[in-house]
There are 4 protein chains.
Amino acid sequence: MASDTSSDALVSSSDPKHPANHICSLCKQFYTFGWVTGTGGGVSIRNGKHIFIAPSGVEKELMQPENIFVMDFDTKEYLRRPLALKPSACTPLFLASYTLRGAGCCIHTHSQWAVLVTLICDAGLQGSNKDVFSIKEIEQIKGISRGGTGSTEIAEGGRKLGNLGYFDTLHIPIIENTAHEEDLKDTLEEAIRKWPECAAVLVKRHGVYVWGKDVTQAKTQAESLDWLFQLAVEMHKLGFKWT
Amino acid sequence: MASDTSSDALVSSSDPKHPANHICSLCKQFYTFGWVTGTGGGVSIRNGKHIFIAPSGVEKELMQPENIFVMDFDTKEYLRRPLALKPSACTPLFLASYTLRGAGCCIHTHSQWAVLVTLICDAGLQGSNKDVFSIKEIEQIKGISRGGTGSTEIAEGGRKLGNLGYFDTLHIPIIENTAHEEDLKDTLEEAIRKWPECAAVLVKRHGVYVWGKDVTQAKTQAESLDWLFQLAVEMHKLGFKWT
Amino acid sequence: MASDTSSDALVSSSDPKHPANHICSLCKQFYTFGWVTGTGGGVSIRNGKHIFIAPSGVEKELMQPENIFVMDFDTKEYLRRPLALKPSACTPLFLASYTLRGAGCCIHTHSQWAVLVTLICDAGLQGSNKDVFSIKEIEQIKGISRGGTGSTEIAEGGRKLGNLGYFDTLHIPIIENTAHEEDLKDTLEEAIRKWPECAAVLVKRHGVYVWGKDVTQAKTQAESLDWLFQLAVEMHKLGFKWT
Amino acid sequence: MASDTSSDALVSSSDPKHPANHICSLCKQFYTFGWVTGTGGGVSIRNGKHIFIAPSGVEKELMQPENIFVMDFDTKEYLRRPLALKPSACTPLFLASYTLRGAGCCIHTHSQWAVLVTLICDAGLQGSNKDVFSIKEIEQIKGISRGGTGSTEIAEGGRKLGNLGYFDTLHIPIIENTAHEEDLKDTLEEAIRKWPECAAVLVKRHGVYVWGKDVTQAKTQAESLDWLFQLAVEMHKLGFKWT
């Protein structure tokens, strides 16, 4: 369904926490972190049956609520599709977090630390397992939730109650990048299923997808993970092992 | 005592220097420093018999005065305990600085530089003493007060008059991290007693606790120490010794 | 033509996207990126037959619309020349992007990452070709347009439709610096002709010139390139190859 | 002369460029650069016979115009001395730039890049001359003025017309640090006399003093130098020579 006057109501609100406004303020903030440089990265929020998604190829820090796409979660049809803008190629990846984990928000960053971590893992410089980033005994991993398994997979953001402990090992799977972002869908879903506790998936030479049951959990996990990726790169430079 | 209308007065003030307001503005600032990323870290201010403490697990940069816990210094009972929020696991550590040093403010950061310094010390790469960070002949150490000893231990923030000199050596003890933050209490208190002049305690792979007689001293010492931790990491990368 | 009252109209507008206002807001932003430190760097926007150019030697973050020079694209005469200010030495370089590529905006930064990349290339540390920076298989290169060739050279910003793909190799030519910035004109034009798809030219030990069909493309490409330069330096430090 | 009501007029103005206001806004900005962390660093402006100086030991980013000291240039007596504040220990150093170079503004930073550069020089890692930082063939050195010599020593900021060229070598002398900042006076004056073209003096393991004929020149030179110090450290890490 194309954008028209009636669909404007989906993104018009004076509440700063309305998803259309919230995505814009988050993108402004993430721009200062270097997460959405040069139109890269993206953010999506699920509100009941409505999926709100930042468009592709726009300056994320300048985005306005009227630029936001809205999709119906059940039919996967666009309820609002701003003319002249392209839907985000990340859409199938955001949907994977909603479908497989019951997430309420998904953040995709082009953080340099994420990219560097995938390079270090891929070269086998921190361990033999090249397709997963692992780190332990760093207090900040307590900022990451335990994820969900088995039957609880899609309840409450698909994650077990509570967060990782200091002596737990954090694992974030790494998938290969593809020519087209939407083609990451299958391997991303496979990684989510293979690592039922993961809170994020790294994409080699590309960035990271992080989700949470709501905006707060997605954002704070994205922050904690980025902090850990940066620390991991610095640890590697100084000759320290991650696990 | 649970939060109720009467306890709201404890955190309601139009004065930006009121502890409940001050903690919020400090946390906003510290967020930009990477000290309280992803709900990490914390701040506490003592105002006479009232201890004001930021809650656990909230986005520190978005915190509001009504989120602040207030504890009675004598009874250690909560005078105000916001429903739906958890008290900070740092509380026993903050109290240690008030009790053993007569501090008026205590800041806990998850600075990456602090964590990296503990890793370098632990590996014995800058000296044989693994449980203390030491540095000397850097002008910035003049930003750190001399600390207090013996009978003056709890007077005026528990610190001797005046700051360290350029030719003094700054020592910050390092304690092991524990699974639960509150379990740091005993070793932190032991470190404070063992190093009567220290202005802070580093926690391995975790961060740092810094205090001062008032907010200004705690904040400026936290800044100077973080500056020194960062410099120390860079010095180490370049092959320079800290002492 | 010297500045007079009649020429003030060329830079007076309440529209934040008017070129005179836009250059000022871009420079304020670029100052925070370290791109125009200490009066370095510059920005120019072409609006039809009018070329707007930031002056030389002023604090870019404090610049006001009345400080902007305006040149006629056809005659290369100044329509507005603020008294007491010097025209930018970058002017012939900006004009090259307008003439040879039909660009609508050109950004010159003194980014440290750009300078370091030219040093690494010049030393032959990442490949035998010292006069071009090349990188591939990094998602962020998809933020750079394909450039234009042959007969389409000056149409639509002089660039082919669409952006580079993940498996394409990004090439940015590097030219030698000269004593006087305006003397870069010939080699910069030569580089633009030799690399018909390039979106930018690096200047050794100096910085980078980036253009685009409009402000948005120039700015987002400048951001993506700077992101890539920084990543490239970090990759080099960690021992990774760019191609 | 102690602070009293009559001296308040010296620092009261609604003009943001009044020295008392300007010092405060500069310090707020420099705080974000890490130049005045933890009360470190300082700024002074000379306005005719009045020297305006930031006080010692205060949070520079929170400073107010009423905190500023004012000294008479001829008599070196304080015209305004805020009670409860200490005059800056940098005062004799600021005065040296005014007396020997006719400067109009002097900035003292505790930049980490400045400190690291002095460590690299002192270890003789970039050349045999340990008491001067030298760099050449970097475009940004064109942001530094040529300095003054002989009979023009105190005219127009004590500096020759024009700035350094790309093929010139920038030299910044380095002096030993002392236990008390005011004791730097003799060696700083000696360095200024020995290097008649220098725009700044580095202090080993401490920071840098940068001056200019006015605030704009002092600030832009401080920025360009800090940019160069940072680049120099990165060049050193990557194995490049500065000259």
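Hi everyone, let's start with one lysine: D:K237 is partly exposed, because its relative accessible area is 27%. Here, buried means under 20% relative accessible area, exposed means over 50%, and partly exposed is in between, using a 1.4 Å probe and protein chains only. This is a predicted model, where local features need pLDDT of at least 70, side-chain atom pairs count only at pLDDT 80 or more, and totals for chains, interfaces and linings use all residues. Residues are numbered from 1 along each chain as its sequence is written, chains are lettered from A and ligands numbered from 1 in the order in which they are written, and side-chain values use heavy atoms, with hydrogens and water left out.

So, which residue forms a salt bridge with D:K237? The partner is D:E234, with the closest N and O atoms 3.4 Å apart. A salt bridge here is a side-chain nitrogen of Lys or Arg within 4 Å of a carboxyl oxygen of Asp or Glu. Both residues sit in helix α6 (residues 215-237) of chain D, 3 residues apart, about one turn of the helix. Helices (H or I, at least four residues) and strands (E, at least two) are DSSP runs, numbered from the N terminus. Is D:E234 buried or exposed? D:E234 is buried, at 6% relative accessibility.

Now look at the other chains. A network of salt bridges links A:E234, A:K237, B:E234, B:K237, C:E234, C:K237, D:E234 and D:K237. One link you can find on screen joins the side chains of A:E234 and B:K237, at 2.7 Å from N to O.

How are the copies arranged? Chain B superposes on chain D by a rotation of 90 degrees with 0.0 Å of shift along its axis, and the RMSD is 0.0 Å. That is the relation of a four-fold axis. Which residue of chain B comes closest to the rotation axis? Our lysine again: B:K237, at 6.0 Å for its C-alpha.

Next, the interface of chain A and chain B. The contact takes 23 residues from chain A and 27 residues from chain B, where contact means heavy atoms within 4.5 Å. The two chains bury about 2200 Å² between them, 57% of it on carbon and sulfur atoms. Of the area that chain A buries there, 28% comes from A:E139, A:W227 and A:L238, more than from any other three residues. Buried area is the accessible area (1.4 Å probe) that two parts lose on being put together, summed over both. Across this interface there are 3 salt bridges. On the side of chain A that touches chain B, helix α6 (residues 215-237) of chain A gives the most, with 11 residues.

A:E189 pairs with A:K185 at 3.4 Å, and both lie in helix α5 (residues 185-194) of chain A, 4 residues apart. A:E189 is buried at 15%, while A:K185 is partly exposed at 33%. In chain D, D:K49 forms a salt bridge with D:D74, their closest N and O atoms being 3.3 Å apart. D:K49 lies in the loop between β1 (42-47) and β2 (50-53) and D:D74 in the loop between β3 (69-72) and β4 (78-80), so the pair ties together parts that are 25 residues apart in sequence. D:K49 is partly exposed at 44%, and D:D74 is exposed at 52%.

Methods
Least-squares fit on C-alpha atoms with pLDDT ≥ 70 in both.
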